[in-house]
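Subject: Handover of a structure, with notes on what was found

Dear colleague,

Please find below the structure that I am passing on to you. My notes follow it, and I would be grateful if you read them with the structure open.

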Amino acid sequence: MNIKAYLKSKFPEGYSPLNISKDIISGIIVALVSIPISMGYAQIAGLPMIYGLYGSVFPILVFGIITSSYDFVFGVDAAPAALTGATLVSLQIASESEEAINAVPILTILVSLWLLLFFFLKAGRAVKYISVPVMGGFITGICLEIISMQIPKLWGGSPGTGELPHLLIHMVEELPKFNWISFSMGVCTIIIILVFRKILPKLPMSVIMLILGVFLSVQLGLKHHGVMLLPKTEAGFPLPKLFNIDFEILPDLGFSALTIALVIMSETMLASRSNAIEDGYDLDVNREVLGYSLANMISGFFGCCPVNASVSRTSIVRQFGGKSQVTSIAACVSMIIILISCTGFIPLMPIPVLTGIIIAALLTACEFDLAARLIKTSKKDFLIFISACLGVLFFGTVYGVVIGVILSFFAVISEAVSPPRTYVGIRPGHEGFYSMKAHEDAREIQGIIMYRFGGNLFFANIDTFVNDIEDAIDENTRVIIINASGINNVDITACDRLMALNRSLKKRDIRFFFAENDGVVNNELKRYGAGEFLEDGTVQKDIEDVLKLLELKEPYTLVER
C-alpha cells in the first residue's frame, strides 16, 4: 500500500480539516478518561496502577497507525485485565509483587505472538460470519459486565472481577463501605451525562463533570468525607522493561495467553466491525489482527498487561464527533504530557465521578435499540441477541461468542430445513401467479396444485417438501407444478426422493412438473441419476409452458374458496 492509499484508508469519506479539532478534543478526553480506567484495570491485572497509564501511551498509537477502523480506541481494558489477574491467581503469584511485575509483560508478549499467528493464518476472517444479533448481544454483554465491575466504585468499594454471579456477590460484600456522598456524586454524574447527551449532545459533559469533580474535591475536602480519590502518581516517561523469564511457568502463561488472544480478537473485531457496519465501511480484518498483535507487543515491552479495544472510550470518541485515528495520536500525546508534567491533579479526581463517566459511556454503547428492534421484527434473532448477552455475563467473553455463534448456526439450519414456501394461484384480473398466503383473492386452477419452495432441496428438508405436496393432494388433483425458482441446489437424497415421489404420483394418474429452475439444477438431476425428468418432460422452462403443454388456456377454471 502506498502512502496516498494508506492516508485515504485512515480518513472517512468527506473528512475535512474542520474535523481535526474534534479528533484532538476527543483524544484529550480519551486520555483524561483513561486515567481512572487504565489505573483500575492495571490493578485488576495484578500490576501497580502506574502501568495502566503506560499502557495508554504507545499501544494506542501503534494500533491507531495500523488499524483500518476510523474511530476505535485501544488500551488497557476489562476482559484482558481480568483474565490476566485470574492467571496470576492460578499461578499463586501475588498481585503487584515483583514476580507479577515480571510475569505479566511476558504474558502480554505471548498474547502478541498468538495474535501474530492468527494474522498469518488469516483467522480474523471468521468473525465476518458472526451475525448482527450475536454482535449486538456480545457488545451489550461486555458493556453490562464492565458496568457490573464498576458499580461498587460508585459508593467507595473496590471493582469486581469475574462473571455476573461473582460480581453480584462482590457488590453485596462491598456494601459495608457504602458512602452516601460518594454514591450520590456517581449516580448524579451518570444522570447528568445521559440527560445532556439527549438535549445537548455536543456539550462535552464528561469533561465538565471531571472538572466539577476536581473543583468539589478541592473546595469541599471530599477525602475527609470518605469519598475515594485516585492515588498519587509519580511523574515520568515510560521506559522499556527488562525481562527475567521463568521457564517453569512459561507453558502456563502460554496457554493463558492463547485464551486472552482469542478474547482480544473476538471482542475487538466484533465491536469495531459493529461500528464499521453502522458507519458504512468495511474493515481490513487481517490488518486489524496485525494491529492487535503489535499493540500488545509494544505494551509488553513497556511492562504492561494485554490491551484491547475499549468500547467505553470509543463511545466517548463517537459522542464528541471523533472521525479518525488522529484521536489516538492526540490521546497518546496527551497521556505523555500528563505523565511528564501533569500528574499532580490526578489525586484530586473523585473516583465516583470518574466511575459515573465510564458507566454513562458504557450504557450508551449498549445495543438496547437493536434489542427493541429485534423484539418487533424477529423473535428468533432476539433470542440469539439475549443468549449472546447472557452468555458473556454468566460464562465469559469467549463462551458468549460461542453460544451466539452456535445459536446462529442452528438458526441457519432451521431456516434451511423449513424455508419460506407457499401454494401459488391465479388472481382474477391480474397476470401472473401469486402466493395464496399473501393474497386472499388468489385461487388454485381446478385440478392443479402449484407450489413454490424457497430454498435448496437436501436431505434435511426433502421430507418437508414431499409432505407439503402430499397434504395438498385431494381427489380432484390431476397436476402438480413446482415453482422451482427458489431452488438452486439439489443433493442426492433429495433427488432420490423426487424420483420416488414422481413414481408414486404416476400410479395415481397425477402428472408432476418442475418449472422455473435454472440449468444448474438440471445438471445436478442428471448427475444424480434423475435424467428421466428431463427426458419425459417433467422439467419445463416456466409455468406458462406447463399450462400450454396441458392445453389449458385463459380464462382458467378456478377453485372457489
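An axis here is a line fitted to C-alpha atoms, for a helix over the stretch in contact, and an angle between two axes runs from 0 to 180 degrees between their N-to-C directions. Please note that this is a predicted model.

Helix packing

Two packed helices are described by the angle between their axes and the distance between the axes. Consider helix α11, residues 250–279, and helix α13, residues 311–319: their axes come within 11 Å and cross at roughly 20°. Because angles under 35 degrees count as roughly parallel, α11 is roughly parallel to α13. The crossing in which α11 passes α13 is right-handed. On the α11 side, the contact is made by A271, N275, E278 and D279, and on the α13 side by V311, T314 and R318. Sorted by class, the residues of this contact of α11 with α13 comprise 2 nonpolar, 2 polar and 3 charged.

Helix α11 also packs with α7, at an angle of about 115° and with the two axes 10 Å apart. In this case the crossing, in which α7 passes α11, is left-handed. From α7, the residues in contact are M135, F138, I139 and I142; from α11, they are S266, E267, L270, A271, R273, S274 and I277. The contact of α7 with α11 has 7 nonpolar, 2 polar and 2 charged residues.

Pockets

Which residues lie nearest the centre of the largest pocket? They are E278, S315, T364, A365 and C366, out of 22 residues that line this pocket. The space in the largest pocket is about 700 Å³. Each of the helices α9 (180–199), α11, α13, α15 (351–365) and α16 (368–377) supplies at least two residues of its lining. The largest share of that lining comes from α13, with 5 residues. Its classes are 10 nonpolar, 6 polar and 6 charged residues.

The second largest pocket has about 530 Å³ of volume. A total of 29 residues line the second largest pocket, and A79, A82, L83, A86 and T87 are the closest to its centre. Two or more lining residues are given by each of α2 (18–44), α5 (78–90), α7 (132–154), α11 and α18 (397–417). Here the largest share, 8 residues, belongs to α5. By class, the lining of the second largest pocket divides into 16 nonpolar, 11 polar and 2 charged residues.

How many cavities of 30 Å³ or more does the structure hold? There is 1, and the space in this largest cavity is about 40 Å³. Its lining consists of A31, S34, S56, I60, F74, G75, R313, A331 and M335. The elements α2, β1 (74–75) and α14 (326–341) each give two or more residues to this lining. In the lining of the largest cavity, 5 residues are nonpolar, 3 are polar and 1 is charged.

Two details of the backbone

Where is the residue Q92 found? It sits in the loop between α5 and α6 (98–121). Q92 is not a glycine, although it has a positive phi of about 60°.

The other detail concerns E554 and P555, which are joined by a cis peptide bond with an omega of about -5°. P555 is found in the segment after α23 (543–549).

With kind regards

Definitions and conventions
Residues are numbered from 1 along each chain as its sequence is written. This is a predicted model: local features need pLDDT of at least 70, side-chain atom pairs count only at pLDDT 80 or more; totals for chains, interfaces and linings use all residues. Side-chain values use heavy atoms; hydrogens and water are left out. Helices (H or I, at least four residues) and strands (E, at least two) are DSSP runs, numbered from the N terminus. Angles under 35 degrees count as roughly parallel, over 145 as roughly antiparallel, 65 to 115 as roughly perpendicular and the rest as oblique. A crossing is left-handed if the near helix is turned anticlockwise from the far one by less than a right angle, and right-handed if clockwise. Contact means heavy atoms within 4.5 Å. Ala, Val, Leu, Ile, Met, Phe, Trp, Tyr, Cys and Pro count as nonpolar, Asp, Glu, Lys and Arg as charged, and the others, Gly among them, as polar. On a 1 Å grid over the protein atoms alone, a cavity is a set of points where a 1.4 Å probe fits but cannot get out, and a pocket is an open set with protein on both sides within 12 Å along at least five of seven lines; lining residues have an atom within 4 Å of a point. Grid points are joined across faces, edges and corners, and a volume is the space filled by probe spheres set on the points.
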